[in-house]
Amino acid sequence: AEQCVARGDVRFLPSMTIDGMKADLKRIVDEVCAQISGLTAEVRTFAQQWPYQVAEDEPVIQFLTAAHEQVTGQPPVLTCGLPSGAFITDAADMVRYGIPTALYGPGNWSTAPNEHIPIRDLITAAEVYAATCMKVITRPRQQ
């Protein structure tokens, strides 16, 4: 073929930049192209989603953590990095504009066929959401 187009979805963490990620990808592509005479390539960005990360000491995280413990009797597992740091959600944009936002829900991150979430896990998540809302709306106002 005279030309080939390869498209991919590359996710990155808040500690990374688009330009740095593209430079890393370009370096790898150039190394591959150097092995085949006449092969050239370019790396372009078509769309971008910002990475997501929020500090554990943000009130919304503290309220959610307390609500999860209240409902389940156990502390939640808090994670940063991948995969949650690369989820495509509005949370990334909200955090970028100063609105701390938590990602929480039933089930584990998976891309397997025939995924499912037990109804009990949905009910537990709904109970945690309700308890979190109660903690948010009944907290003393900051002056």
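Me: Over the face of which residue does Arg7 lie?
Reply: The model is predicted: local features need pLDDT of at least 70, side-chain atom pairs count only at pLDDT 80 or more, and totals for chains, interfaces and linings use all residues. Residues are numbered from 1 along each chain as its sequence is written, and side-chain values use heavy atoms, with hydrogens and water left out. A charge counts as sitting over a ring if NZ of Lys or CZ of Arg is within 6 Å of the ring centre and within 35 degrees of the ring normal. Arg7, at 4.8 Å from the ring centre, lies over the face of Phe46.

Me: In which helix of the protein is confidence highest?
Reply: Confidence is expressed as pLDDT, the predictor's value for each residue, from 0 to 100; the protein has a mean of 85, with 94% of its residues at 70 or more. Helices are DSSP runs (H or I, at least four residues), numbered from the N terminus. The lowest confidence is in H3, at a mean of 85, and the highest, at 95, is in helix H2 (residues 59-72).

Me: How far does helix H1 reach from its first C-alpha to its last?
Reply: Helix H1 covers residues 18-33, 16 residues in total. The expected span of a helix is 1.5 Å times one less than its number of residues. For H1 the expected value is 22 Å, and the helix comes close to it, reaching 22 Å.

Me: Within what arc do the buried residues of H1 fall?
Reply: Ile18, Met21 and Cys33 are buried in H1, where buried means under 20% relative accessible area, exposed over 50% and partly exposed in between (1.4 Å probe, protein chains only). The arc is taken from the directions from the helix axis to the C-beta atoms. The buried residues of H1 line one face of the helix, because seen down its axis they fall within an arc of 110°.

Me: What is the angle between the planes of Tyr104 and Tyr129?
Reply: The structure holds 1 aromatic pair, a term for rings of Phe, Tyr and Trp (its six-membered ring) with centres within 6.5 Å, called stacked if the planes are under 30 degrees apart, edge-to-face if over 60 and tilted otherwise. The pair links distant parts of the chain, 25 residues apart: Tyr104 is in the loop between helix H3 (90-96) and helix H4 (119-138), and Tyr129 is in helix H4. Tyr104 is partly exposed at 25%, as is Tyr129 at 37%. The two rings are edge-to-face, 5.9 Å centre to centre, and the angle between their planes is 80°.

Me: Near what value is phi of Asn114?
Reply: Asn114 is found in the loop between H3 and H4. Asn114 is exposed, with a relative accessible area of 73%. Its phi is positive in a residue other than glycine, near 55°.

Me: What distance separates the C-alpha atoms of Leu122 and Gly105?
Reply: Leu122 is placed in helix H4 and is partly exposed, at 42% relative accessible area. Leu122 and Gly105 are 17 residues apart along the chain, and their C-alpha atoms are separated by 8.0 Å.

Technical notes: Helices (H or I, at least four residues) and strands (E, at least two) are DSSP runs, numbered from the N terminus.
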